[in-house]
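Student: Please take me through the side-chain packing of this protein, one question at a time.
Tutor: Here is the entry; the questions follow.

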Amino acid sequence: MQNQLHRATVSDIKGIHAILLKGAEEGQLLPRSLSDLYNRTRDFYVLKDGGEQIVGCCALAIVWEDLAEIRSLYVDTSIRRLGLGRLLAQACFDDAVRFGLRRIFTLTYQSDFFAALGFQEVDKDCLPQKIWADCIHCPKYPNCDETAMQRTL
Ligand SMILES: CC(C)(COP(=O)(O)OP(=O)(O)OC[C@H]1O[C@@H](n2cnc3c(N)ncnc32)[C@H](O)[C@@H]1OP(=O)(O)O)[C@@H](O)C(=O)NCCC(=O)NCCS
């Protein structure tokens, strides 16, 4: 069946929670609590397998007047390298433009993927302090080994 992109609804949150746990097991993503995810429902796009099974997700979090973050991007291992990560990210870029935001950043271990999407590595210090608020929940805090990348839309 054809994978389909949707805006998330609250009924998708448990599925998003489950696939983000897989990303955490791969060591690529931070797990997120159900409470945090329900709060952030409007940030998410999901990819479904043609039925109700969630096989990918991505969120755009607005951070400041000129800055948004791409976060919680995950594509199931069985369907990687088919352009679906790009599709999810592009849906978030389109949202950013719709909200008048031109600068997008991410913290990632997947620099090559984000470079393919037009991101460039930046010094973490050029990102506002506010973005580190979530990081206190990270087991690696304060020794972040992710790469900060950004692109202008
Ligand atoms: C990163 C991830 C979302 C990529 O999803 P995907 O559907 O496989 O990516 P796409 O097929 O859309 O790839 C888009 C481009 O990135 C490249 N790319 C994808 N994964 C790559 C990788 N691991 N290394 C190098 N390039 C990669 C593709 O070749 C493609 O480039 P092209 O269009 O120039 O050919 C997926 O590997 C994943 O879910 N990883 C685990 C979670 C994660 O790391 N998320 C990012 C956290 S910020």
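**Packing of selected side chains**

Tutor: R71 is placed in strand β4, which covers residues 67-75. The model is a predicted one.

Student: Is R71 buried or exposed?
Tutor: The relative accessibility of R71 is 14%. Buried means under 20%. R71 therefore counts as buried.

Student: Which residues does R71 touch, not counting residues up to four places away in sequence?
Tutor: R71 itself belongs to strand β4. With residues up to four places away in sequence left out, the residues touched by R71 are R32, R40, C58, A59, A61 and D134.

Student: How many aromatic pairs does the structure hold, and which kind do F93 and F119 form?
Tutor: The number of aromatic pairs in the structure is 3. In the pair of F93 and F119, the centres are 5.9 Å apart and the planes make an angle of 40°. Planes under 30 degrees apart count as stacked and over 60 as edge-to-face, so the pair of F93 and F119 falls in the remaining class. The count is 3, and the kind is tilted.

Student: How many residues apart in sequence are the parts that the pair of F93 and F119 ties together?
Tutor: F93 is in helix α3 (residues 84-98). F119 is in the loop between α4 (111-116) and β6 (120-121). The pair therefore ties together parts whose separation in sequence is 26 residues.

Student: Are F93 and F119 buried or exposed?
Tutor: F93 has a relative accessibility of 3%. For F119 the relative accessible area is 3%. With the cut-off for burial at under 20%, F93 is buried and F119 is buried.

Student: Which kind of aromatic pair do F113 and F114 form?
Tutor: Their ring centres are 5.0 Å apart, with 80° between the planes. Because an angle over 60 degrees counts as edge-to-face, the pair of F113 and F114 is edge-to-face.

Student: Which residue lies over the face of F93?
Tutor: F93 is linked by ring pairs into a cluster with F113, F114 and F119. At 5.0 Å from the ring centre of F93, the residue over its face is R151.

Student: What is the area of the nonpolar surface patch that includes L34?
Tutor: L34 is in helix α2 (residues 34-39) and is partly exposed, at 31% relative accessible area. Together with V10 and Y38, L34 makes a nonpolar surface patch of about 250 Å².

Definitions and conventions
Residues are numbered from 1 along each chain as its sequence is written. This is a predicted model: local features need pLDDT of at least 70, side-chain atom pairs count only at pLDDT 80 or more; totals for chains, interfaces and linings use all residues. Side-chain values use heavy atoms; hydrogens and water are left out. Rings of Phe, Tyr and Trp (its six-membered ring) pair if their centres lie within 6.5 Å; planes under 30 degrees apart count as stacked, over 60 as edge-to-face and the rest as tilted. Helices (H or I, at least four residues) and strands (E, at least two) are DSSP runs, numbered from the N terminus. Buried means under 20% relative accessible area, exposed over 50%, partly exposed in between (1.4 Å probe, protein chains only). A charge sits over a ring if NZ of Lys or CZ of Arg is within 6 Å of the ring centre and within 35 degrees of the ring normal. Contact means heavy atoms within 4.5 Å. Patches are made of residues with over 30% relative accessible area and no salt bridge: like charges are joined within 9 Å, nonpolar side chains (Val, Leu, Ile, Met, Phe, Trp, Tyr) within 5 Å. Accessible areas come from the Shrake-Rupley method with a 1.4 Å probe; for residues, only the protein chains shown count as cover. A salt bridge is a side-chain nitrogen of Lys or Arg within 4 Å of a carboxyl oxygen of Asp or Glu.
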